[in-house]
Amino acid sequence: MLPVAYYIGLSAILFAIGAMGVLIRRNSIVIFMSVELMLNAANLAFVAFARAYGSMEGQIFVFFIMTVAAAEVAVGLALIVAIFRTKQSIDVDQMNSLKG
Amino acid sequence: MTTDLILFLILAAAAIATALGMLFSRNAVYAALFLIMNFGTGAVFYLLLNAPFIALTQVTVYGGAIMVLFLFVIMLLGAEQTGRTPAAWWVQPLILSLGAVLVIETLYIIITQRGLLPVPVSPSATFGTPDSVGEILFNTYLLPFEVTSILLLVAMIGAIVLSKSKHKV
């Protein structure tokens, strides 16, 4: 196996790209996809450390992260659909009122 | 070692290129397809790291279920094009430089502190097999696993309630 630093470095780069995506993009669905990319970068770090320590706990944790991500996507996309119904837009700049 | 390194570099380049493609593609459908490719390269990384079960879960749950849901919502809302309101001119350079700072900072920490990182041990023969994942999941982590089912049930009910039309029923 390559040194774990390679995988952690790649994970950090992917996380930074995801964070930039959250800040740059105006389309709320693409922002949501960037959050998924950040979760995936964290998963890569978990699996790399699990392999380096020879312990299964990291892989189990990734399994739970995937479950939480699936639940989060279901609720988040339902919220986006509900917002689109009221505002006819999913542009985050348009969501500037608390009245719904 | 060298074949491992070449494979890693090719895969890392593919992962970073698809992530950047997702970041900069104007069309949300293309962004979703780039993200599916990124999850695919992630699955190959998991295979390289002795995690075949996680790799296949990645393909089915992330590449399959989650991204189908994304594409479905994009096409349902007709939201392929990005926002109509253009951002201020200074937003994009500012965020790109902040992202570059974040990358440089983390890479600097990793390089200077790499003595603290663990030296990889050679794994046991059963490391990462579905057998060993199932054994540890259903013994040590049985309670979190069961709580997960409640979480998924709540998410399912929440999605149905939130997307229910208010005019009918």
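**Exercise 1.** How many positive and negative side chains does chain B have, and how far apart do the centres of the two sets lie?

*Solution.* In this predicted model, chain B carries 6 positive and 6 negative side chains.

**Exercise 2.** Describe the fold and the overall dimensions of chain B.

*Solution.* Begin with the secondary structure: chain B has 6 helices and 0 strands, and its pattern along the sequence reads α-α-α-α-α-α. Next, consider the radius of gyration, which is 21 Å for chain B, whereas a compact globule of 169 residues would have one near 15 Å. Along the principal axes, the C-alpha atoms of chain B fill a box of roughly 60 × 45 × 25 Å.

**Exercise 3.** Decide whether Ile66(B) is buried or exposed, and identify what it touches.

*Solution.* Locate the residue first: Ile66(B) lies in helix α3 of chain B. Its relative accessible area is 3%, and because buried means under 20%, Ile66(B) is buried. Leaving aside residues up to four places away in sequence, Ile66(B) touches Glu36(A), Ala69(A), Ala70(A) and Val73(A) of chain A, together with Val61(B).

**Exercise 4.** Find the residues with the most contacts inside the largest nonpolar core, and follow one of them across to chain A.

*Solution.* The largest nonpolar core has 71 residues, and those with the most contacts inside it are Ile29(A), Met33(A), Phe45(B), Phe70(B) and Leu77(B). Of these, take Leu77(B), whose contacts, not counting residues up to four places away in sequence, are Ile29(A), Ile80(A), Val81(A), Phe84(A) and Ile90(A).

Terms used: Residues are numbered from 1 along each chain as its sequence is written. Chains are lettered from A and ligands numbered from 1 in the order in which they are written. This is a predicted model: local features need pLDDT of at least 70, side-chain atom pairs count only at pLDDT 80 or more; totals for chains, interfaces and linings use all residues. Side-chain values use heavy atoms; hydrogens and water are left out. A nonpolar core is a set of buried Ala, Val, Leu, Ile, Met, Phe, Trp, Tyr and Cys residues joined through side-chain atoms within 4.5 Å. Buried means under 20% relative accessible area, exposed over 50%, partly exposed in between (1.4 Å probe, protein chains only). Contact means heavy atoms within 4.5 Å. Helices (H or I, at least four residues) and strands (E, at least two) are DSSP runs, numbered from the N terminus. The radius of gyration is taken over C-alpha atoms; the globule rule is 2.2 Å times the number of residues to the power 0.38. Lys and Arg count as positive and Asp and Glu as negative; His and the chain ends are not counted. The place of a charge is taken as NZ of Lys, CZ of Arg, CG of Asp or CD of Glu.
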